[in-house]
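Let's take a friendly look at how charged side chains pair up in a protein. Keep the sequence and the 3D view at hand as you read.

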Amino acid sequence: MKTTLFLSASVAGVFSYGFLNCGEAAAQTSSPALEDVIVVTGSPRSAMRVDATVPDFTPDAGPDVAGLIARLPGAALIDNGALSGQVQYRGLFGERLNIRVDGQAFASGGPNLMDPPLHYAPAPLVGVIVVDRGVSPVRNGPGLAGGVDAQFKRVDFTDSSDMAFGYDVTALGRTVDDSYAVGGVAGAANATYRFNILGSYEKGDDVEFPGGTIVSSLHKRAVYGASAGAKVGDQEFGVDLRRQKTGPTGNPPFPMDIRFFETDFARLTWNGALGGIKVESAFSIADVDHAMNNFDLRPAPQDPMRYRETFAKARTLSGRFAVILPAADESLRLGFDMEDADKDVRITNPNNVNFFIDSLSDIQMQRKGVFVEWTGAAGWLNAELGLRADFHDASAGEASLGPALPMGPVSLASAFNASERDWDKTTVDGVVRLWTEEAKGVSWRLTLAHKTRAPGYVERFSWLPTGASGGLADGNVYVGDLQLDSETAWIAEAGADWRGERFYLRPTAFYRRIDDYVQGVPFDATVGVIDSPQEMIAAMNGDPTPLRFANVDAELYGVDVDGGVSVTEHLRFDGVISYVRGKRRDIDDNLYRIAPPHASLAATYERANWSLSAETVLVADQNKVSATNSEQATDGYAVFNLTGDIDIAPGVSVSAGVTNIFDKAYRQHLAGYNRVANSDVAIGERLPGNGRGAFLRVHLSR
């Protein structure tokens, strides 16, 4: 069963359309196993099939496409800043998800994950987002949960020898942060060659909420690049080049803000056939330079000695090669992939040249993987069976400090340098995904999996107590652990896709038992008693009770469902409900930063060339919080949105709407805590949701 969904405003939504059938292309090349395809630019209404009769727009999700994915059942948004959002999927987020941008996986440049992968996918450039439902297949690499691939717009090959020109451009303005965005792609293609240029620019001010302004929440981002491809017989070659420059951008949940990210991407692909055997291959590089500080966008510290600016670098080389052996309706995929990431982090004080700390120096993270995956059918039962093994190596260079550092950090650095800083591990993943052919409108599905994740470099090599937490943004100071083991998850999911002439329903229940889950725990048994150099340094940094990354036991379970019904020819209701529960199994505590139960319902009235949708978003209380992480509970709330769009002419559409119509004041449970002084949000207070805002989107395509 191929599940290609053009989801409604209440579920995931598509918000512009008309570009060279991007959605159809994704549907034809995606796996026959369980995927959601969010069509950002797809087919116009008149061309949609029976199972794709929903309006292609959504209430504005902000500048981060993570907000769009968060509308899927089981998903939620980790809001760490305008351009630093992460997707949470069934309780897991960060490096536990397998997230790619235009097919490319790479390492974040910052130790606080200020640039998660979707940071590099501006909405005006994205054409299709493919989401692996439940778990990611082994061909896409390791990861404990589902996968995401944000694929860029492209003027693709045609069936003619004549060159055809095409473009897809989106312009957007928002009032809630006085922001604007414009971007897209233009190019020419025929049956043999394609050429594309792309670019986007976005800028916004601080976000307004009922009661004031969130200081240090502005953003600025620019992207430009080009791609080309050629078909030679059965072979297809491609090259993609892209540069992204993120300017000053606020991150209120973190102790620092983005000063810049300057990132270069290059990717070469070759796909073809050799003697009846299909070949897929890609080689890519991502090179990130990053700076963040605590004085440019937020009030500077009164003490010049507390100025901090951190510089980080990350370079990722990755490659993939696979052969597909076809046999009737079955296929066997054999492949190899690898990632080689180099990282460095230096902390400085711009007021003192003798103050510097190479806190994460010469980090080497290498992975080599092999996989086999069989896809086929036996009568009414379809199956995808996959197995992969990954060989991990990680090491850290010696820490070094400037002469202005006191003896506490110097002694910790000496102890770290004297320790064994190399780690290697072999992990094995297995995935069984089964689904039935549709019978009487119902297709059943079952997933069983064993998935693993190697700890990140911050979790393993952070010898100095700092606020770097790999994106947790809980306000705690953390220390790493060289002895961390890999996470291992046992996963079971079951559900059904039920579709009639006037309705659809997709319930799923899931359970994940995770051994050696990496979680912050108290640094030692004497919590609050400063009896170690680590606790002394942490106290100087404002946290007398630091946490240490450690292996614990955890479990996550829940249910999510989306569905809809057509009441009349023009009126339809669509909705989604998501519930996930995350707990520690070794002690009586909850996992940190788990989305509260939430639901949405949209009523849509649609005509041939225009539509209008009213949406209600309902979020429950979240009082099942982590005591270990000092997590605050949050109250539930309801928000109402109104969105409409109209096709003005072929290839020209306009969308507009109002989000949070009644200017409801609420706190987002996954948004973290404010760390910026002199804001209308107190330090340590949960960050609020956006106030009432209007948006206008214009989309042009050919």
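A residue is called buried when its relative accessible area is under 20%, exposed when it is over 50%, and partly exposed in between, using a 1.4 Å probe and protein chains only. By that rule Arg512 is buried, because its relative accessibility is 0%.

Before going further, please note that this is a predicted model, in which local features need pLDDT of at least 70 and side-chain atom pairs count only at pLDDT 80 or more, while totals for chains, interfaces and linings use all residues. Residues are numbered from 1 along each chain as its sequence is written, and side-chain values use heavy atoms, with hydrogens and water left out.

**Salt bridges**

A salt bridge here is a side-chain nitrogen of Lys or Arg within 4 Å of a carboxyl oxygen of Asp or Glu. How many salt bridges does a search of the whole structure find? The search finds 42. Here are some of them.

| Pair | N to O distance |
|---|---|
| Glu262 and Arg243 | 3.6 Å |
| Asp264 and Arg243 | 2.7 Å |
| Arg512 and Glu493 | 3.2 Å |

To place these pairs, we need strands: helices (H or I, at least four residues) and strands (E, at least two) are DSSP runs, numbered from the N terminus. Arg243 sits in strand β15 (residues 235-246) and Glu262 in strand β16 (residues 257-274), 19 residues apart. Asp264 also belongs to strand β16, so its bridge to Arg243 ties together parts that are 21 residues apart in sequence.

Now turn to Arg512 and Glu493, whose side chains meet in a salt bridge. Arg512 is in strand β27 (residues 503-522) and Glu493 in strand β26 (residues 487-499), so this pair joins parts 19 residues apart in sequence. Is Glu493 buried or exposed? Glu493 is buried, because its relative accessible area is 5%.

Salt bridges can also link up into a network, as they do for Arg139, Glu280, Arg320, Arg333, Glu373, Glu384 and Arg433.

**A look at Glu202**

Glu202 lies in strand β11 (residues 193-204) and is buried, at 2% relative accessibility. Its side chain is joined to that of Arg221 by a polar contact of 2.7 Å. A polar contact is a pair of N or O atoms within 3.5 Å; within protein, one must be able to donate a hydrogen and the other to accept it, and residues adjacent in sequence count only if both atoms are side-chain atoms.
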